[in-house]
Amino acid sequence: MHLAPRIMVTGGAGFIGSFLCERLLDQGAEVLCVDNFFTGTRSNVAHLMDNPRFELMRHDVTFPLFVEVDQIYNMACPASPIHYQFDPVQTTKTSVHGAINMLGLAKRTKARILQASTSEVYGDPEIHPQEESYWGNVNPIGPRSCYDEGKRCAETLCFDYHRQHGVEIKVARIFNTYGPRMHPNDGRVVSNFIMQALRGEDITIYGDGSQTRSFCFVDDLVDGLIGLMNTDTGVTGPINLGNPGEFTIKELAELVIEMTGTSSKLVQKPLPQDDPRKRKPDITRARDTLGWEPQVKLRDGLEKTIAYFRELHAAG
Ligand code: NAD
Ligand code: UDP
Ligand code: UDP
């Protein structure tokens with residue numbers, strides 16, 4: 001007999017997924033964490049293993065999965081450019097076949113499903129800030145396309161399973177998120193800058209550093225994801241989840257230098273192809289629908305993230 005909700009988190013051993021598993025367990029749920037450990041690790045969820053309501057399963061979501069659950073958070077997918085471009089065909093398969101399998105599972109079990117989509121569906125945006133009604137400016141054949149188009153197709157599948165089969169869907173468009181347990185070598189800007197600062201290496205700015213991003217601390221994001229999952233049946237999204245505070249990459253570098261007290265210098269490297277010029281979420285819909293907005297300021301979130309990477313660095 002099951003009294004607690006049974007919640008599956010795919011990609012649950014990853015950065016965001018591991019915080020989500022932790023929070024759902026705190027709320028009393030039974031949590032099934034499904035992960036193929038491509039970028040996630042057992043150590044991200046090691047502290048949950050003793051909890052009798054937690055289960056970890058090695059599985060690749062591109063293959064069918066038959067389990068009985070009440071809710072699905074479909075987070076599985078590498079999220080950093082280095083990792084999603086390592087095997088781009090597998091990235092598209094993870095988003096597309098993964099969504100088909102998880103939506104098929106949701107259809108059979110009548111589970112609710114939340115799809116982790118991304119601000120990358122807006123591509124290099126022509127409107128600023130980005131609101132959900134914007135259809136995006138995405139290159140379909142470039143090096144980022146496996147990620148962007150895979151996620152766009154996953155959104156399409158969600159809405160078609162909803163319209164055609166009545167599956168209860170929630171689509172979250174997640175903007176740049178950072179915090180402890182980010183992979184130190186995944187090439188994302190926050191982890192790169194902090195690791196470079198701690199090692200006393202040059203801080204690598206791609207391009208002139210005038211491109212902008214909006215950085216959301218992982219605790220805030222997890223609040224938003226759980227809030228969205230628990231909205232009324234009619235709410236499907238898509239809903240932007242992110243922090244509207246916008247910073248240039250150069251500003252971020254300077255803040256990391258100041259906060260770590262490093263002697264590292266800024267150096268410029270070529271800007272990767274199709275790198276979006278700017279990005280900032282319009283979160284009106286999330287505010288109105290979920291009563292949600294980020295609470296953690298960049299400086300406070302960076303402090304916690306730097307502390308995590310310091311420990312990792314000290315441990316060698
Ligand atoms: P992450 O790489 O740390 O986590 C992804 C997890 O998915 C990893 O544990 C990985 O092993 C697992 N995974 C990958 N392919 C899989 C497969 N085929 N089957 C099973 N598991 C698989 O990344 P993250 O930052 O935690 O991102 C989680 C989700 O949020 C992703 O879907 C990502 O696209 C989305 N997202 C993240 C951000 C961000 O800034 N971190 C922004 C937008 C969207
Ligand atoms: N699927 C799954 N788990 C389930 C139910 C379905 O992995 O509990 C997979 C199934 O193998 C199929 C996909 O989800 O490949 C889509 O399922 P759907 O029922 O929509 O399609 P069909 O089985 O009719 O092709
Ligand atoms: N970036 C950078 N130096 C780095 C890593 C990234 O200047 O060492 C830039 C990158 O070109 C992009 C921004 O920082 O403009 C955010 O990059 P990230 O890969 O973290 O996320 P995304 O591009 O997917 O938003």
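Pro64, Leu65, Phe66, Ile100, Asn101, Gly104, Leu105, Lys107 and Arg108 are the residues around ligand 2, a residue being near a molecule if its C-beta atom, placed from the backbone, lies within 6 Å of it. By class, this shell around ligand 2 holds five nonpolar, two polar and two charged residues; Ala, Val, Leu, Ile, Met, Phe, Trp, Tyr, Cys and Pro count as nonpolar, Asp, Glu, Lys and Arg as charged, and the others, including Gly, as polar.

This is a predicted model, in which local features need pLDDT of at least 70 and side-chain atom pairs count only at pLDDT 80 or more, while totals for chains, interfaces and linings use all residues. Residues are numbered from 1 along each chain as its sequence is written, and chains are lettered from A and ligands numbered from 1 in the order in which they are written.

Ligand 1 has 29 residues around it, of which Gly11, Gly14, Phe15, Thr39 and Gly40 come nearest. Two or more residues of the shell come from each of helix H1 (15–26), helix H3 (88–109) and strand E5 (112–118); helices (H or I, at least four residues) and strands (E, at least two) are DSSP runs numbered from the N terminus. H1 contributes the most, with three residues. The shell around ligand 1 comprises 13 nonpolar, 14 polar and two charged residues.

## Overall fold

The protein chain contains nine helices and 13 strands. Its C-alpha trace spans about 60 × 45 × 40 Å along the principal axes. Of its 316 residues, 47% count as buried, meaning that 20 or more other C-beta atoms, placed from the backbone, lie within 10 Å of the residue's own.

Notes
Buried ≥ 20, exposed ≤ 12 C-beta atoms within 10 Å, placed from the backbone.
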